[in-house]
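Me: I'm new to this one. Can you walk me through a few local details?
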Amino acid sequence: MIGASLLAASLLAGGAVPAAAQAKPALGPYGYGSVKLGMSLKKARATGAIVPIGSVRNPCTHWHFKKFPKVTWDWHLVISDEKGVVAINGQKGMKTPEGIGIGSSFKRLKAAYPRLSKKAPNVYSVTAPRNKKAEYRFEVYNGKVGAIFLALKNRDCVR
């Protein structure tokens, strides 16, 4: 037992990071975890990270990430027959590489994305840093980020 404690202590001192302390995947600029914007339905399903919502079938389908709670009235991502994954709806706990997530202040949002532009009441967007083909959209209510979307700019399914 003492040997195991010494081994754990030496691993930590030597730079090993416990699983709980490892960084969570970021939302963007190319996707979330193993699911990437533009990825075909077949490839997205092969990641094992997503499950379909019901049996809705049209040129675009709606999906949930397995690791986040399902919400019957909402989707986590949209996959187009033609363009693949076109949009990812940020969930509580997801953050952009710049540290913005649901609940971030509007002040912090503006500091993280100085080129942020207003698209509609409470809706702001910015080209995703390092991916000019994608954009983040943020909904802001009472000075806080209430929703985040990462989407292809040339999407065919989601406004």
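**Turns and strands**

Reply: At 56% relative accessibility, R130 counts as exposed. Exposed means over 50% relative accessible area, buried under 20%, and partly exposed in between (1.4 Å probe, protein chains only). This is a predicted model: local features need pLDDT of at least 70, side-chain atom pairs count only at pLDDT 80 or more, and totals for chains, interfaces and linings use all residues. Residues are numbered from 1 along each chain as its sequence is written, and side-chain values use heavy atoms, with hydrogens and water left out.

Me: Where does R130 lie?
Reply: R130 sits in the loop between strand 8 and strand 9. Strands (E, at least two residues) and helices (H or I, at least four) are DSSP runs, numbered from the N terminus.

Me: How many bridges join strand 8 and strand 9?
Reply: Six, in the antiparallel sense. Strands pair if DSSP finds at least two bridges between them. Y124 has F138 in strand 9 as its bridge partner.

Me: Is strand 8 mostly covered or mostly exposed?
Reply: Mostly covered: five of its six residues are buried.

Me: And strand 7, which sense does it pair in with strand 8?
Reply: Antiparallel, over three bridges. S117 has S125 as its partner in strand 8. The two strands form a hairpin with two residues between them. N122 in that turn has a positive phi of about 70 degrees. N122 is partly exposed, at 34%.

Me: New topic. Which peptide bond is cis?
Reply: The bond from G28 to P29, with omega near 5 degrees. P29 lies in the loop between helix 1 and strand 1.
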